[in-house]
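Subject: Structure handover

Hello,

Here is the structure for your files. My notes on it follow below.

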Amino acid sequence: MAVSFFQFKLEELGQYLESYGEKKFRAQQLFRWIYGLKQFDYEEMTNVSKSFRQLLPQLLNLELPHIVNVRSSQDGTRKYLFEVGEGETVEAVLIPGNNRRQTLCLSSEVGCNMACKFCFTGKQKLKRRLSTQQIVGQFVRVMLDQPEDEPITNIVYMGMGEPLDNTDAVLSASEILHNSWGVNLSRKKITVSTSGLVPQIPLVTQAGLRLAVSLNAPNDELRTQIMPINKKYPLAELIASCKEHSRKSKDKVTMEYVLLKDFNDSIDHAKQLMYLLRDVPSKINIIPFNEHPDSGFGRPSEEKIQAFQNFLISKNVHVLRRRTMGRDIYAACGQLTSAYKNHPISMTI
Ligand code: SF4
């Protein structure tokens with residue numbers, strides 16, 4: 001029976017084809033046709049022998065995750081809802097940026113076991129880890145929707161799930177999308193965001209990918225209240241691991257900091273944050289909380305957000321405020337959920 005083309009790294013595909021008596025370099029041809037030229041019809045692959053073209057449908061299927069719907073925000077953000085089997089769904093969000101940047105936020109799991117208190121996805125227990133082909137499939141499906149002159153330029157694993165709880169599939173998918181015969185995305189354009197699974201961080205370093213940490217608190221006491229993972233891997237361990245990543249990769253770590261009203265948004269918290277990160281080559285992304293039903297948290301006032309950011313700027317800390325995109329379609333940070341039935345679709349394209 002034909003297996004999914006999208007599960008294979010180049011080397012693995014070569015070995016698979018070899019096991020059917022084909023030459024290894026056929027894998028490069030297929031990567032070029034499918035990922036590079038977006039040609040899904042084997043019969044149109046003109047530099048491939050006729051006998052191999054006829055064999056291909058029996059070896060490899062090109063099925064992609066089914067799109068349940070697509071919602072578009074006024075700001076150009078597009079949120080895709082994918083069916084990933086047994087009625088389960090995940091979301092991917094395409095976010096347009098400056099300088100022709102098109103960032104695709106991918107999901108790695110259905111639900112999530114990390115139970116971060118401010119996160120919509122964290123309210124659902126982990127139901128399933130996605131396979132490599134389901135992660136690559138999200139990318140390819142969105143890629144096919146994009147105009148030729150607006151390719152996807154960046155990937156972030158910040159959708160549903162903790163990527164480092166599904167490390168093998170996430171790293172395989174990244175390697176596939178990096179391969180120069182296919183999509184050819186630079187490793188430095190792929191960011192893995194973790195809630196703090198410290199033992200897995202060196203794997204991100206080894207893979208040459210960028211690291212983001214969902215930090216959200218400047219001390220253990222506060223962080224443990226909103227992120228249970230902090231009990232297992234407290235800040236000292238997490239920060240040491242970030243330093244090591246930065247030293248080896250010569251890259252800054254992105255520290256995501258969701259600002260929660262009256263919880264972690266004071267000047268004193270900003271001061272603690274500055275000290276916590278003083279030895280870590282990093283930049284801080286502050287993300288004013290996007291309110292969602294039953295979260296129990298609020299968004300700080302504009303003055304408080306500004307004061308927090310300005311304090312850090314005044315201390316020469318590299319800090320950015322992330323633009324909030326897709327708020328009107330529940331596509332903003334921490335708002336993704338497969339419980340789409342709670343948010344009936346207003347627009348399908
Ligand atoms: S913030 Fe990320 S790691 Fe935490 S519960 Fe949500 S999806 Fe999981």
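A definition before the notes: two residues are in contact if their C-beta atoms, placed from the backbone, lie within 7 Å. With that in hand, N179 touches L10, F31 and N184, not counting residues up to four places away in sequence.

Two ground rules. This is a predicted model, where local features need pLDDT of at least 70, side-chain atom pairs count only at pLDDT 80 or more, and totals for chains, interfaces and linings use all residues. Residues are numbered from 1 along each chain as its sequence is written.

**Confidence**

pLDDT is the predictor's confidence in each residue, from 0 to 100. The average for the protein is 91, and 92% of the residues score at least 70. Where pLDDT is low, the predicted coordinates should not be read in detail.

**Overall build**

The protein has 11 helices and 14 strands. These are DSSP runs, numbered from the N terminus: helices are H or I with at least four residues, strands are E with at least two. The radius of gyration is 21 Å, close to the 20 Å that the globule rule gives for 349 residues, so the protein is as compact as a globular protein of that length. That radius is taken over C-alpha atoms, and the rule is 2.2 Å times the number of residues to the power 0.38. Along the principal axes, the C-alpha atoms fill a box of roughly 70 × 45 × 35 Å.

Buried residues make up 46% of the 349. Buried means that 20 or more other C-beta atoms lie within 10 Å of the residue's own; exposed means 12 or fewer, and partly exposed is in between, with C-beta atoms placed from the backbone. Of the contacts with a separation of 6 or more, 67% are between residues 24 or more positions apart.

**Two domains**

Domain 1 covers 3–61 and domain 2 covers 66–342. The bounds come from an automatic or database domain assignment. Their centres, taken over C-alpha atoms, are 33 Å apart. At the interface, 11 residues of domain 1 are in contact with 14 residues of domain 2. On the domain 1 side, helix α2 (residues 26–36) gives the most, with 5 residues. That side divides into 4 nonpolar, 4 polar and 3 charged residues. For these classes, Ala, Val, Leu, Ile, Met, Phe, Trp, Tyr, Cys and Pro count as nonpolar, Asp, Glu, Lys and Arg as charged, and the others, Gly among them, as polar.

**Ligand shell**

Which residues surround the ligand? They are C112, M114, A115, C116, C119, T121, G122, M160, G161, E162, S195 and S214. The shell divides into 6 nonpolar, 5 polar and 1 charged.

**The loop between α5 and β10**

N179 lies in this loop. N179 is buried, with 21 C-beta neighbours inside 10 Å. From N179 to R32 is 147 residues in sequence and 9.8 Å in space, C-alpha to C-alpha. N184 is found in the loop too, between α5 (167–178) and β10 (190–194). N184 is partly exposed, with 13 other C-beta atoms within 10 Å. Phi of N184 is near 65°, a positive value in a residue other than glycine.

**Another positive phi**

N216 has phi near 70°, again positive in a residue other than glycine. N216 sits in the loop between β11 (210–214) and α7 (220–226). Is N216 buried or exposed? N216 is buried, with 27 other C-beta atoms within 10 Å.

- V68 is in strand β3 (residues 66–72). V68 is partly exposed, with 15 other C-beta atoms within 10 Å. Beyond four places in sequence, V68 touches L81, F82, E83 and T89.
- T89 belongs to strand β5 (residues 89–96). T89 is buried, with 22 other C-beta atoms within 10 Å.
- L60 is in strand β2 (residues 60–61). L60 counts as buried, with 21 C-beta neighbours inside 10 Å. Leaving aside neighbours within four places in sequence, L60 is in contact with A2, V3 and F5.

Best wishes

How values were computed
A residue is near a molecule or strand if its C-beta atom, placed from the backbone, lies within 6 Å of it.
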